[in-house]
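This briefing is intended to be read beside the sequence and the structure. The points below are grouped by topic.

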Protein chains: 2
Amino acid sequence: MLPAPHFIAFNPPRRILMGPGPSDVYPEVLAAQARPTVGHLDPLFVGMMDELKSLIQYAFQTKNEMTMAVSAPGSAGMETCFVNLVEPGEKVIVCRNGVFGDRMRQNVERMGAIAVLVDNEWGTPVDPAAVEAALKAHPDARFLAFVHAETSTGALSDAKTLCALAKQYGCLSIVDAVTSLGGVELRVDEWGIDAIYSGSQKCLSCVPGLSPVSFSPAAVEKLKNRKTPVQSWFLDQSLVMAYWTSAGGKRSYHHTAPVNALYALHESLRILAAEGLENAWQRHHEMHLVLRAGLEKLGLNFVVAEDYRLPQLNTVYIPAGVDDGVVRTRLLKDYNLEIGAGLGALAGKAWRIGLMGFGARRENVSLCLRALEEVLS
Amino acid sequence: MLPAPHFIAFNPPRRILMGPGPSDVYPEVLAAQARPTVGHLDPLFVGMMDELKSLIQYAFQTKNEMTMAVSAPGSAGMETCFVNLVEPGEKVIVCRNGVFGDRMRQNVERMGAIAVLVDNEWGTPVDPAAVEAALKAHPDARFLAFVHAETSTGALSDAKTLCALAKQYGCLSIVDAVTSLGGVELRVDEWGIDAIYSGSQKCLSCVPGLSPVSFSPAAVEKLKNRKTPVQSWFLDQSLVMAYWTSAGGKRSYHHTAPVNALYALHESLRILAAEGLENAWQRHHEMHLVLRAGLEKLGLNFVVAEDYRLPQLNTVYIPAGVDDGVVRTRLLKDYNLEIGAGLGALAGKAWRIGLMGFGARRENVSLCLRALEEVLS
């Protein structure tokens with residue numbers, strides 16, 4: 001026998017999470033998650049799942065029947081949208097203005113479909129004119145895919161306009177709302193979004209590990225008329241929905257649901273519904289204004305222009321002569337405060353300061369400003 | 001705006017989980033999971049992940065470097081093994097003696113590889129002679145895939161013999177250990193298993209949602225020499241391991257890890273290491289003997305013959321004239337006791353009584369026997 005390792009229990013400190021996610025989790029959510037595990041086919045549990053579905057529909061502002069949470073993180077939600085809708089050989093216009101647009105491209109190419117790239121500079125939004133040009137140049141494209149709120153840069157794109165363009169040119173829209181859901185305006189039905197995914201660990205302030213998704217009737221139609229099977233058994237929505245829907249009171253087992261994580265998501269969405277979406281959007285905006293004023297006073301410059309800056313993810317350039325690692329380590333060690341490093345092209349050049357969900361509170365903003373002032377002085 | 005739904009907090013009852021999983025979760029695991037969320041790149045968290053890796057290695061009895069937990073349930077662990085190792089057009093010998101062997105076939109076929117089926121009756125183990133015949137008949141096969149402990153029937157297959165056969169005929173072995181890990185003898189290195197996956201919610205008595213996996217050096221070699229990219233970005237082990245390995249102290253972000261769920265897995269594996277694997281195997285065996293004696297006294301007959309019966313999953317025929325649904329509903333409503341329904345070919349014909357991890361305790365066995373006696377009388 002290989003010997004047993006012996007470790008003491010892991011007791012994480014109480015950090016203040018102001019990076020790009022995970023965000024500070026609501027204490028009620030941590031408590032909900034610790035409630036006793038029940039079976040994934042327990043009638044009480046599947047009743048909770050019905051509530052959870054309506055709560056996700058509310059957060060997305062949709063009546064889409066095919067709305068649920070993927071039992072895995074946002075990257076798996078992204079993959080769920082692509083592998084269910086796109087078939088090998090089909091053309092997808094992929095907008096790339098940061099890390100996550102490029103991840104979309106990788107999803108498309110790995111499944112044997114064709115990605116047509118519309119590139120925009122990091123820190124700027126997706127340009128609708130460039131998208132329209134691509135749609136015109138590729139009349140055989142079936143999908144338009146873009147990131148609503150780029151987590152790598154903090155730029156917000158105009159999802160409403162982009163989805164209208166997709167519709168105009170006969171494409172289905174696939175939208176990454178990982179960082180936007182709950183933090184800025186997002187209206188799935190009104191804007192005509194066909195497939196959307198998010199993550200539990202950003203503005204919902206739930207534990208990381210789940211990805212709410214939703215498919216429009218047009219997307220469901222496309223899924224039903226596939227000529228090839230979905231490449232992933234685990235992510236096949238037709239199979240998953242047999243578990244998420246009570247057809248005549250009966251649910252079919254697909255995989256064992258992450259029971260406790262779903263308790264957590266239910267609780268975090270209950271908190272969002274109680275606050276009200278528009279109030280949550282407003283709160284994120286107000287906290288951003290306070291943070292922005294303070295950061296500017298410290299002489300820090302935003303990467304993203306004001307017009308399309310995300311309130312929940314503030315990306316600022318690291319001042320010349322300042323050591324990125326030293327600052328973030330001091331914030332973490334001395335203040336238990338986490339801010340985010342730059343990602344991809346912005347690695348070492350920028351910090352990402354998150355104000356997400358439960359994290360978008362006045363006390364967090366003040367602590368962050370004061371701590372940065374002390375460390376930078 | 002679509003109106004906000006208002007639900008009260010979900011307060012699940014305290015069930016006693018004696019189905020095929022999720023099993024009763026250790027109270028320490030629920031408590032660990034509720035600790036404050038920290039960032040997935042926090043130095044303290046990645047230190048915990050290093051410990052977690054050694055704990056998974058211990059549970060699997062392996063020194064494999066490529067050992068980690070997939071951020072999704074066991075079905076995703078299965079898919080991780082297949083999509084990383086198998087390439088389109090390659091031949092896999094898939095043993096099918098229950099639901100999960102057939103799920104392996106679906107994985108293989110959906111990814112464009114070829115499944116050669118070795119069928120054995122439900123409730124019996126995989127027959128090594130039939131496997132050897134298939135290996136002889138298909139010298140171009142690259143993989144042998146089978147389920148160690150079939151959760152749909154309760155039958156245990158001889159993994160050691162099957163893996164030796166795979167090696168003899170130049171195949172890599174892919175083994176489903178979802179229900180076996182922690183409940184019965186399993187020695188990855190000694191038996192020469194090349195790729196293995198399990199689930200958190202069976203004999204580890206952790207919350208559902210994670211899948212420990214491990215790849216042998218030969219499997220890693222196969223992965224490195226792929227001619228085609230892995231079809232799934234989310235499950236691509238080469239990318240995932242850049243996060244799970246501290247190469248020179250640096251970890252690369254892949255996806256946001258399910259932080260709190262990993263706390264839970266760390267704690268459940270700590271409990272297993274403290275008990276000792278062999279003691280845990282022995283405890284499952286002893287509790288099975290007590291349960292078996294009681295079930296036989298009640299006149300219930302096992303589906304699986306004694307020689308290859310799983311101690312942690314006891315499948316018995318529903319007596320003639322007894323209503324499956326009525327019995328299980330009464331157990332759940334009156335006793336808060338969950339036992340499992342039959343699955344696939346055994347649906348409506350059998351019950352599955354789990355004695356998994358924390359659930360394999362004398363008080364559970366006694367309660368189950370007494371409750372069954374009362375409900376059946």
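B:G182 is buried, because 28 other C-beta atoms lie within 10 Å and 20 or more are required for that class. The model is a predicted one, and B:G182 is placed in the loop between β8 (172–176) and α7 (188–191) of chain B.

**Surroundings of B:G182**

- Not counting residues up to four places away in sequence, B:G182 touches B:A59, B:C203, B:L204, B:L272, B:A280 and B:G357.
- B:G182 and B:Q312 are separated by 130 residues in sequence, yet their C-alpha atoms are 9.7 Å apart in space.

**The nonpolar core**

- In soluble globular proteins, nonpolar side chains tend to be buried together.
- The largest nonpolar core of this model holds 256 residues.
- The residues with the most contacts inside that core are A:I93, A:F143 and A:A145, together with B:I93, B:F143 and B:A145.
- Apart from residues up to four places away in sequence, B:I93 touches B:V116, B:V118, B:V131, B:A134, B:L135, B:H138, B:A141, B:F143, B:L144 and B:A145.

- A:V147 belongs to strand β5 (residues 141–147) of chain A.
- A:V147 counts as buried because it has 32 C-beta neighbours inside 10 Å.
- When neighbours within four places in sequence are left aside, A:V147 is in contact with A:G98, A:F100, A:G101, A:S157 and A:D176.
- One of these partners, A:G101, is 46 residues from A:V147 along the chain, and the two C-alpha atoms are separated by 6.2 Å.
- A:I271 is located in helix α10 of chain A.
- A:I271 touches A:Y26 and A:E28, not counting residues up to four places away in sequence.
- The C-alpha atoms of A:I271 and A:R35 are separated by 17 Å, and these residues are 236 apart along the chain.

**Helix packing in chain A**

- Two packed helices are described by the angle between their axes and the distance between the axes.
- Helix α2 (residues 43–60) and helix α10 (residues 259–275) of chain A pack at about 45 degrees, with their axes 9 Å apart.
- At that angle, α2(A) is oblique to α10(A).
- The crossing of α2(A) and α10(A) is left-handed.
- On the α2(A) side the contact is made by A:F45, A:M48, A:M49, A:E51, A:L52, A:L55, A:I56, A:Y58 and A:A59.
- On the α10(A) side it is made by A:V259, A:L262, A:L265, A:H266, A:L269, A:R270, A:L272 and A:A273.
- The residues of the contact between α2(A) and α10(A) comprise 14 nonpolar, 1 polar and 2 charged.
- The axes of helix α5 (residues 128–137) and helix α6 (residues 159–168) of chain A come within 10 Å and cross at roughly 15 degrees.
- This angle makes α5(A) roughly parallel to α6(A), because angles under 35 degrees fall in that class.
- The crossing of α5(A) and α6(A) is right-handed.
- A:P128, A:V131, A:E132 and A:L135 of α5(A) make the contact with A:T161, A:L162 and A:L165 of α6(A).
- By class, the contact of α5(A) with α6(A) has 5 nonpolar, 1 polar and 1 charged residues.

**Contact between the chains**

- In chain A, 74 residues are in contact with 74 residues of chain B.
- Elements of chain A that give two or more residues to this side are α1 (27–33), α2, α3 (74–85), α4 (99–110), α10 and α11 (277–297).
- α10(A) gives the most, with 8 residues.
- The residues on the side of chain A that touches chain B divide into 38 nonpolar, 24 polar and 12 charged.

**Backbone features**

- Most residues other than glycine have a negative phi, and most peptide bonds are trans.
- A:G21 and A:P22 are joined by a cis peptide bond with omega of about 5 degrees, and A:P22 lies in the loop between β1 (16–18) and α1 of chain A.
- In chain B, a cis peptide bond joins B:G21 and B:P22, with omega of about 5 degrees.
- A:Q61 is not a glycine but has a positive phi of about 55 degrees; A:Q61 lies in the loop between α2 and β2 (66–70) of chain A.
- A:Q61 is partly exposed, with 18 other C-beta atoms within 10 Å.
- A:S205, in the loop between β9 (195–197) and β10 (211–215) of chain A, has a positive phi of about 55 degrees although it is not a glycine.
- A:S205 is buried, with 27 other C-beta atoms within 10 Å.

Key: Residues numbered from 1 in each chain as written. Chains lettered and ligands numbered in written order. Predicted model: local features only at pLDDT ≥ 70, side-chain atom pairs only at ≥ 80, totals over all residues. Core = buried A, V, L, I, M, F, W, Y, C linked by C-beta atoms within 7 Å. Buried ≥ 20, exposed ≤ 12 C-beta atoms within 10 Å, placed from the backbone. Contact = placed C-beta atoms within 7 Å. Axes fitted to C-alpha atoms, helices over the stretch in contact; angles between N-to-C directions. Helix = DSSP H or I, 4+ residues; strand = E, 2+ residues; numbered from the N terminus. Parallel < 35°, antiparallel > 145°, perpendicular 65-115°, else oblique. Left-handed = near helix turned anticlockwise from the far one by under 90°. Nonpolar A, V, L, I, M, F, W, Y, C, P; charged D, E, K, R; others polar.
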